[in-house]
Amino acid sequence: MKRLIYTSNINPDFPLTGLVQIMEQAVRANKIHGVTGLLIFTSLNFAQWLEGEDHVVDRLYANIIKDVRHSQCTKREDTPIAQRHWPRWAMNLGLLVNRDTPFVGKDPAQRVNLNSDSQSIESLHTRFFEAAKQLPSLQVSFHSSGTRPL
């Protein structure tokens, strides 16, 4: 089993309403293939944490990098794991806002660049955990079972 984390830049023509379609497709497919994880986004980027059997996650990532809804897909972590961090989420979705810069009247998510080379994997992990804390209202829509994550 492995964990794969990637970041990418959102296509500027991608409507945010398209996230619902992404999530519905991901939950359906991931349940079938035993993939779990979390997708976070800003107004600029996606970052996705995938967990599952090596060959399944590799095949999924190969398809993800071909998706025209984003570009500059960068694999940030690809590592074996003994257990899943998100075992009950076929996929979940979190909006990430910038915790580093005070809000000054513009969209705070625009100042978070998840695809930046300066983002360490530890920093990305922290951002996933921060986004996950904000998810109670979304768990009903995208949660893979009726229980809450660990």
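**Aromatic ring pairs in the predicted model.** Six aromatic pairs are counted when rings of Phe, Tyr and Trp (its six-membered ring) are taken to pair if their centres lie within 6.5 Å, with planes under 30 degrees apart classed as stacked, over 60 as edge-to-face and the rest as tilted. This is a predicted model, in which local features need pLDDT of at least 70 and side-chain atom pairs count only at pLDDT 80 or more, whereas totals for chains, interfaces and linings use all residues. Residues are numbered from 1 along each chain as its sequence is written, and side-chain values use heavy atoms, with hydrogens and water left out.

**Close-up of Tyr-6 and Tyr-61.** The ring centres of Tyr-6 and Tyr-61 lie 5.7 Å apart and their planes meet at 55°, so the pair is tilted. Tyr-6 belongs to strand S1 and Tyr-61 to helix H2, so that the pair links distant parts of the chain, 55 residues apart; helices (H or I, at least four residues) and strands (E, at least two) are DSSP runs, numbered from the N terminus. Both tyrosines are buried (under 20% relative accessible area, with exposed over 50% and partly exposed in between; 1.4 Å probe, protein chains only).

**Close-up of Trp-49 and Trp-86.** With ring centres 5.5 Å apart and planes at 75°, Trp-49 and Trp-86 form an edge-to-face pair.

**Close-up of helix H2.** In helix H2 (residues 54-64), the buried residues are Val-56, Val-57, Tyr-61 and Ile-64. Seen down the axis of H2, these residues fall within an arc of 130°, so they line one face of the helix, the arc being that of the directions from the helix axis to the C-beta atoms.
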